[in-house]
Amino acid sequence: MVDREAGTAERLLGRLDAGVARTLDRALDERELGGEEGAALFEVHGTELLALCLAADELRRRAVGEVVTYVVNRNINFTNVCTKRCGFCAFSRGHLEEEAYFLPLEELVRRAREAWELGATEVCIQAGLPPRMDGSFYLDICRALKAELPEMHIHGFSPEEVRYGASRSRCSIEDYLARLKEAGVDSLPGTSAEILDDELRRRIAPGRISVADWRRVIVGAHRLGIPTTSTMMYGHVETGRQRAAHLALLREIQKETGGITEFVPLSLVHGEAPMYRTHTVPGLRPGATGEEVVKVHAVARLMLYPYIRNVQVSWVKEGSKLAEWCLSAGANDLGGTLINESISTSAGATNGQLVPPRELRRWIYDAGRVPAERTTTYGIRRVFSDPANDPLEPLDEAAEHPERFGSYFELIHMDRFRFQDTYRPADGGRDRLEVGRVGGWRLEVGSNLQPPTSNLEHRSVARG
Ligand code: SF4
């Protein structure tokens with residue numbers, strides 16, 4: 001016989017593990033969760049997981065209400081050539097590879113202008129680190145874009161790129177940030193964070209920017225009044241403790257500067273990731289499970305509340321169905337329309353390279369929430385309330401013929417933007433991008449003409 005009383009919703013939740021219940025109560029009392037508490041929440045399943053989502057949903061409501069935002073933007077990944085070889089990155093190519101491309105400044109500006117005419121308010125500029133790059137190249141990009149489109153928000157240059165620009169310019173990170181600001185950069189993506197733990201970073205991406213330098217770029221940007229986002233890539237070799245420590249570090253930075261606009265969890269897309277294909281990283285997992293994706297959004301909301309107000313779920317990584325779920329587990333933003341998504345697509349993601357605004361709004365309506373278009377820094381541009389009369393916008397119409405934007409796979413096979421033909425290194429001499437062979441591996445000279453150190457050796461060896 002069914003014990004109906006024991007099955008009431010209240011009683012179901014009354015069966016929660018006492019430790020988890022205490023942690024959730026503390027979060028709902030708006031007390032800061034410690035690293036151990038955060039780590040323990042990454043282990044929950046079943047009823048405890050549902051209770052975690054309920055708590056995260058409640059804190060989301062207190063932080064930002066029922067509105068779910070998105071931004072109309074375009075990604076411009078102007079080159080896939082990179083002197084580094086991060087183990088998770090399927091996007092980068094060596095400069096002599098057939099699929100190496102480089103978009104000249106005129107093409108960057110053309111893409112930005114086209115996006116502006118279709119209603120975009122942001123361009124997101126990130127790319128590989130091309131060898132012997134002129135240190136002022138990132139500044140030139142900003143100046144060219146601002147000259148043509150003064151109102152377009154430039155969200156560009158990861159901490160790794162800022163450090164590279166500074167090193168190529170022989171100036172400090174802080175000086176380079178000031179130059180970027182003067183040239184017109186409006187905000188920085190807080191990417192190249194993965195998990196902010198140097199030992200782990202050495203395992204999955206030796207030569208990657210250190211935790212100290214990542215922090216220095218982010219805090220330096222905030223001190224100059226340049227806001228940044230914050231990210232975490234998970235689903236590889238990290239532990240729950242490392243995830244919680246990463247979130248606690250972001251929270252500390254935000255308490256100090258207040259310059260972080262959002263937190264974006266990014267689950268590993270493993271299919272084409274070099275470290276997955278070559279089995280070179282012991283213990284590597286094939287990305288996060290669906291349950292982990294939901295948990296990460298929920299724990300992030302609990303640990304970052306109330307300091308970082310916005311938690312974004314990435315449709316590129318998670319697809320629309322899981323993204324909708326995350327909206328009930330602490331998330332309040334769906335990111336951008338992107339138009340030309342390349343990074344996850346190259347790694348094997350199949351969720352598309354563009355989602356038009358009307359489609360993003362449909363997902364938000366489907367989740368029972370209120371869609372709003374935002375600026376990059378979370379100013380609300382328009383709130384929508386009537387799914388039956390949802391407007392058709394220029395980008396919605398253009399998205400019916402996405403071939404006009406060109407795809408990532410077309411780009412890497414196109415003669416027109418082949419790196420060897422379009423790139424001009426700092427000294428103008430392409431022949432100085434030397435190459436040699438060591439066994440079956442190709443040795444490329446990267447940005448620094450110095451005797452190889454162990455780090456430099458790593459980053460200059462490409463898959464042959
Ligand atoms: S993730 Fe690493 S390898 Fe890929 S483009 Fe960025 S720095 Fe280069």
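Author: A residue is near a molecule if its C-beta atom, placed from the backbone, lies within 6 Å of it. By that rule, C82, K84, R85, C86, C89, F91, S92, G128, L129 and E160 surround the ligand. The model is predicted: local features need pLDDT of at least 70, side-chain atom pairs count only at pLDDT 80 or more, and totals for chains, interfaces and linings use all residues. Numbering starts from 1 along each chain as its sequence is written.

Now the sheet. Three strands form an open sheet in the order β2-β3-β4. Their pairing is parallel. Strands here are DSSP E runs of at least two residues, helices are H or I runs of at least four, and both are numbered from the N terminus. Strands pair if DSSP finds at least two bridges between them.

The edges are β2 (73-76) and β4 (153-156). Each of these pairs on one side only. From one strand to the next, the twist averages 20 degrees.

Look at β2 and β3. Strand β3 covers residues 122-125, and four bridges join it to β2.

Axes are lines fitted to C-alpha atoms, for helices over the stretch in contact, and angles run from 0 to 180 degrees between N-to-C directions.

Finish with V123. Contact means C-beta atoms, placed from the backbone, within 7 Å. Leaving out residues up to four places away in sequence, V123 touches N73, R74, I76, A112, A115, L145, M152, I154 and H155.

Key:
Contact = placed C-beta atoms within 7 Å.
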